[in-house]
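Reader: I'm new to this one. Could you show it to me and take my questions as they come?

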Amino acid sequence: ATVTRREDYAPPPFWIDSVDLSFDLDPAKTRVLNRMRVRRNPDVPAQPLRLDGEELNLARVLVNGQGTSFKMDAGQLVLENLPAGSEPVELEIFTTCAPAKNTRLMGLYVSEGTFFTQCEAEGFRRITYFLDRPDVMASYTVTLRADKAAYPVLLSNGNLVAQGELEDGRHWAQWVDPHKKPCYLFALVAGKLVAREQRIRSRAGTEHLLQVYVRPGDLDKTEHAMHSLMAAIAWDEARFGLPLDLERFMIVATSDFNMGAMENKGLNIFNTKFVLANAATATDADYANIESVVAHEYFHNWTGNRVTCRDWFQLSLKEGLTVFRDQEFSQDMAGSPSARAVKRIEDVRVLRTAQFPEDAGPMAHPVRPDSYIEINNFYTVTIYEKGAEVVRMMQTLVGREGFDAGMKLYFARHDGQAVTCEDFAQAIADANPASALARHLPQFKRWYSQAGTPRVRAQGAWDAAARSYTLTLTQSCPPTPGQPHKEPFVIPIELGLLDAAGHALPLQLAGEDAPHGTTRTLVLTEPSQSFTFVDIDAAPVPSLLRGFSTPVILEDEASDAQLLTLLAHDTDPFNRWEAGQRLVLRAAIAAIATSALQTSASGPLDAQILPTSLVQALREVLRHPQLDAAFKELVLTLPAESYIAEQLDEVDPQRVHAVREAMRLQLALALQADWQWAWEQHQTPGAYRPDPVCAGRRALSNLALHMLCLAAQHQGDQVWPGKAYQRVKTATNMSERFGALSALVASGHELAAPALERFHALFKDEPLVIDKWFALQASAPDRGGQVLPIVRRLLQHPDFHLTNPNRARSLIFSYCMNNPGAFHRADAAGYQFWSERVLALDAINPQVAARLARALDRWKKLAEPWRSAAREALARVAAKSELSADVREVVGRALA
Ligand code: B3K
Ligand code: ZN
């Protein structure tokens, strides 16, 4: 396998100014005529033109209308005899490809009788020979021809400029994109689709047509996506002054898609999962995800499309920035300060349960990687979520207005260019010359170059005589593959100090004349630094890393009593939640170290793992008269098994599972009356509305029902399972229906089976709901090893299709990646299942297979016998000779 290195970047030897593509669409054999205007890059020594191509049948190559000699080398089409000089050359390449056989879903493929494309990162080369790299930007004209009855709708990027009929029932359409773009943003769609349409007028008075295309029958599920798009357009204009630059903006949904969605210029293509929603089929979480993914793809129109990446190592330039933008958007849409905090907590939870393990494992890489074998393996939580945190830190260091000024400068400098992460940081710093970011810019950029999660140790000392409090912060970062030694980072730490009664203290640093508020940001740049606060009358309770101001692991010496104070009083909702999570974690880790708990077929053990003081504190949160339901639900939700496991040096996954299950039962039993109160108080009658307040109430009442069913199952009581079953039958929205079904499945009650059956019958024609049905069964708590046989049986279900990524993820990924207690079996049968599925998927779709391959990333942390069994499973996969580069890179790194 060939390694691509960032340091080897060289500008392209040729530019492609314009491309005229014409397609004769046919599932078995599509003919593609590519006429491009190519010229030598005068800044680069003369060399042959090497065009990328993959799985293409080449029929003809013409240069300025004449036949020419060419050769093939490692899949590339090489033209050695192009005229010298800087005159443009007309190059004409005629190829064919087979969309119906394209199971990788990269390039041109067919989904349910409709043509779609996916070109990012390197899919365009599967459509035609091209300089398939993001720094080559061209003007596109696209002509589509196809059978009119089978493919009535013909779409590509930009504006529809002409269309007409052909003989034999065929028709054609021509599209011109007014903007230059890299080829990864090319798209076409052809098929039987219908659209919801909306005309809007921008602040500047320009008119635009918005369209959401779906299959006939799904039109009643497009309202929320359209509203989300309109909100995103309005937000980007209001917050950053970035308008829609197209007359027409289209979203098209397909049920066969490798990831969430794709920001093709003016023609976004989406996984149906992030478009289709109505009250009957989508949960509150689905509604929120649709809002954020629609916004994310729309925001790429500026951060990604107008300014794109110089090379794929710069991927976080567009992805980190665009995730940051969609997170800010969702917070603004959430409205109230506490709803914003809920969104922040959810985002941090993703970062810590997915990105921190990645940063500590074999696939660890910097936000701007140095090398890759398969770029598709680097669309990671590090590039996306950690990248977004790096942008957020910049905003913290320059202030919100300073950040907006930085964005303006970034576009003024780089609109229409393909640039680097450094260019972005430089623009933000240059717009804020007096900021901490500008002062520390070279050091700050280590966030782009160094992998690994830094640790910050905080030690506080109160000096009674001096009435001062000195906080010493010390940073370090563990080695990661290829990076044994790390230099110090720039670490903004937002903090506050509370007195013992929980009141916020004014914050005055030694040397200052007056206090500066009750929350402020310290900037740690040295390996170790001390900060002294004056006028402090008693030992304070520090509230550090408020809002999770930096993606680090904080190690402080907070006592249980101090954490209880923060849980009860901190004005920073993030740290309030965090205090509860830390107390639960402490109890869990202590129990894992000392007990030999195991779950059995009869359910979790009844054990007192959480101290009474914590149970009481959690009860007070649950019963609190002012706190929002959504926030309560987050506080009362136990940390995930995978997050608990990350805190341990050596992981016995069964013990982690048993302890978490026992904590769940303990909370269910100890707070039984409170759960009943919560259930009764948080019903949301009336028409379904997906807003954060209603969604929070449903989340909390679903958690309550889950706990009540768990307690009932333990006590042999039938009332709550009966209520849950009733709700599965009669609920009028998916959030409540699925919440009730989940409660039954999670409690292991015998009503779960008929409820699942009923649910399937109700939704057999709704693929996205059937995905939920598979996922729920695959992620059910394991009691005596029953989950794997169920998953194996579901593989044979007539509704299961391995070729459909959503379905593969719903069953196989849910089991292997989302159910550690069931997956990490002592008999290694879970790992056997994993290796079989990785190989089966790899033969169909390497990109999806490589994601699944990462389920064993953290195998080195496992205790025996899991560790040896996991290594054997990895070795079994690695031993196959016909493996894709995608999977080989992942298992190779895991075994290294
Ligand atoms: N840019 C695409 C992801 C493409 C993934 C290619 N393997 C979607 C997004 O991040 O918005
Ligand atoms: Zn993106």
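Reader: Which elements each supply at least two residues of the shell around ligand 1?
Author: This is a predicted model, where local features need pLDDT of at least 70, side-chain atom pairs count only at pLDDT 80 or more, and totals for chains, interfaces and linings use all residues. Residues count from 1 along each chain as its sequence is written, while chains are lettered from A and ligands numbered from 1 in the order in which they are written. Helices (H or I, at least four residues) and strands (E, at least two) are DSSP runs, numbered from the N terminus. A residue is near a molecule if its C-beta atom, placed from the backbone, lies within 6 Å of it, and the two elements that qualify are strand S21 (261–262) and helix H2 (284–300).

Reader: Where does ligand 1 lie relative to the domains?
Author: Domain bounds here come from an automatic or database domain assignment. Both domains give residues to the shell, so ligand 1 lies between domain 1 (4–278) and domain 2 (308–449).

Reader: How many of the 14 residues of H23 are buried?
Author: Buried means 20 or more other C-beta atoms within 10 Å of a residue's own, all placed from the backbone. Among those in H23 are Phe813 and Tyr815. The helix is largely enclosed by the rest of the structure, because the buried count is twelve.
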